[in-house]
Amino acid sequence: MHRLRVPLSDLDSEGRAVVETDGTEIAVFLVDGRVHALSNTCPHEGNPLVEGDLRGSTLTCAFHNWKFDLETGACLFGEEPVRLYSAELLDDSICIDVTA
C-alpha cells in the first residue's frame, strides 16, 4: 500500500487542496470533519474538480455542471463516475491510499 500524507495546513480556507503523485492530481476535501479524495480531473472534459461547487457531499464541476457524490464517486448528473481514493484523517494530516 502506498500512502500519501497531506498536512491539514496545506488545505485552503475552504478545506481544499490538490496534491500530485506520479503525474496524477488528486483533489482533497475536508467537509464537516470528513475527508474525501478523488481525481482532480472531471471525466467529462478534464477540468479541475477542486474548483467545483460543494453542497454537502455533492460536488458540481464548475465548467459543465456534472455532479458527483463525494462518498461514492457516482455521477449524479452526467455520464461517468469520478475515481475515488481511500482517505482518512490521522492527527494533523490526511492520509490517502494511492495504490494503483
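Predicted model: local features only at pLDDT ≥ 70, side-chain atom pairs only at ≥ 80, totals over all residues.

A residue is called buried when its relative accessible area is under 20%, exposed when it is over 50%, and partly exposed in between, using a 1.4 Å probe and protein chains only. Residues are numbered from 1 along each chain as its sequence is written, and side-chain values use heavy atoms, with hydrogens and water left out.

**First selection: D22.** Is D22 buried or exposed? Its relative accessible area is 77%, and D22 is therefore exposed. D22 lies in the loop between β2 (16-21) and β3 (24-31); strands are DSSP runs of E with at least two residues, helices are runs of H or I with at least four, and both are numbered from the N terminus. Although D22 is not a glycine, its phi is positive, at about 50°.

Move to the loop between β6 (58-60) and β7 (67-69), where N65 is found. N65 is likewise not a glycine, and its phi is positive, at about 65°. With a relative accessibility of 46%, N65 is partly exposed.

Rings of Phe, Tyr and Trp (its six-membered ring) form a pair if their centres lie within 6.5 Å; planes under 30 degrees apart are stacked, over 60 edge-to-face, and the rest tilted. By this rule there is 1 aromatic pair. W66 and F68 form that pair, which is tilted, with 6.4 Å from centre to centre and 45° between the planes. Both residues, W66 and F68, are buried.

**Fourth selection: the whole chain.** Colour by secondary structure: the chain has 0 helices and 11 strands. Its radius of gyration, taken over C-alpha atoms, is 13 Å, close to the 13 Å that the globule rule gives for 100 residues, so the chain is as compact as a globular protein of that length. The globule rule is 2.2 Å times the number of residues to the power 0.38. Along the principal axes, the C-alpha atoms fill a box of roughly 35 × 30 × 20 Å.

What percentage of the 100 residues is buried? Buried residues make up 39% of them. A contact means heavy atoms within 4.5 Å. Among the contacts with a separation of 6 or more, 39% join residues 24 or more positions apart.
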